[in-house]
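Let's take a walk through this protein together, starting with the ligand and ending in the greasy middle. Have a look at the model before reading on.

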Amino acid sequence: MSAATAAVLREMRWWDIAPVLELEHALFPDDAWSPGMFWSELAHARGPGATRHYVVAEDPATGRITGYAGLAALGDLSDVQTIAVSREAWGTGLGSELLADLLKAATAFECATVLLEVRVDNLRAQKLYERFGFEPIGFRRGYYQPGNIDALVMRLTMHEHVAENAQETGTE
Ligand SMILES: CC(C)(COP(=O)(O)OP(=O)(O)OC[C@H]1O[C@@H](n2cnc3c(N)ncnc32)[C@H](O)[C@@H]1OP(=O)(O)O)[C@@H](O)C(=O)NCCC(=O)NCCS
């Protein structure tokens, strides 16, 4: 059984912040989010006016968190705020599962467009986004600090994504 099929996706709660931060520091050593950033995101993730969707992937056998992702909805635009998978689980499809979950949430938020920023040198993540139909639309110079690394901005138009999925599954 692959790590992807072993992981269960569920809503991220405040008690997940500590283990998520451990992964965050391992995967984003130069620009890890602070605890306050996760607290502030989760504060907007529940209730009728929620604008955030945060999810963790948990190994049901050990309770260990192996990935997490979050989306912010702003009107009919949404933004992939973060997505990460523990290094041991890379290449097992977990990143794809997390991204698919965020896109389902974008549909639920009735967003027409999903945007994201990715480091220009993060080809693995760019390839994942391209597989889901994201297209590069520009750069944000020096977006990642320290290091002054540029961000590639990518965009997915939801109606195209839905049409493509329907074609693949024959459900149009
Ligand atoms: C980017 C990231 C989230 C991708 O996660 P992932 O779990 O490796 O993603 P996936 O497994 O879904 O896809 C990656 C590769 O695995 C392959 N794959 C997918 N399902 C698979 C399966 N069941 N078995 C084997 N391989 C599989 C995919 O084909 C893909 O390979 P390819 O890129 O050569 O086509 C992960 O590398 C990561 O956390 N990186 C550090 C943090 C980061 O950079 N986040 C993005 C910030 S913008």
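A polar contact here is a pair of N or O atoms within 3.5 Å. Keep that cut-off in mind, and remember that what you're looking at is a predicted model.

Now find Arg131: one of its polar side-chain atoms sits 3.2 Å from an oxygen atom of the ligand. At Gly91, it's a backbone N or O atom that comes in, lying 2.4 Å from a nitrogen atom of the ligand. How much of the ligand does the protein bury? On its own the ligand exposes 930 Å², and the protein buries 72% of that. Altogether 21 residues surround the ligand, and the closest are Val85, Gly91, Gly93, Ser96 and Asn122.

Next, head for the inside. The largest nonpolar core has 30 residues, and Val80, Leu98, Leu99, Val114, Tyr129 and Phe134 have the most contacts inside it. Several elements give two or more residues to this core, including the strands β2 (52-58), β3 (65-74) and β4 (77-85), along with the helix α5 (123-131). Which element gives the largest share? That's α4, with 7 residues.

Zoom in on Val114 for a moment. Looking past its neighbours within four places in sequence, you'll find Val114 in contact with Leu71, Val80, Leu103, Phe134 and Met154, among others.

One last stop: there's also a second, separate core of 14 residues, and Leu21, Leu23, Phe38 and Ala84 are among them.

Technical notes. Residues are numbered from 1 along each chain as its sequence is written. This is a predicted model: local features need pLDDT of at least 70, side-chain atom pairs count only at pLDDT 80 or more; totals for chains, interfaces and linings use all residues. Side-chain values use heavy atoms; hydrogens and water are left out. A nonpolar core is a set of buried Ala, Val, Leu, Ile, Met, Phe, Trp, Tyr and Cys residues joined through side-chain atoms within 4.5 Å. Buried means under 20% relative accessible area, exposed over 50%, partly exposed in between (1.4 Å probe, protein chains only). Helices (H or I, at least four residues) and strands (E, at least two) are DSSP runs, numbered from the N terminus. Contact means heavy atoms within 4.5 Å. A residue is near a molecule or strand if one of its heavy atoms lies within 4 Å of it. A polar contact is a pair of N or O atoms within 3.5 Å; within protein, one must be able to donate a hydrogen and the other to accept it, and residues adjacent in sequence count only if both atoms are side-chain atoms. Accessible areas come from the Shrake-Rupley method with a 1.4 Å probe; for residues, only the protein chains shown count as cover.
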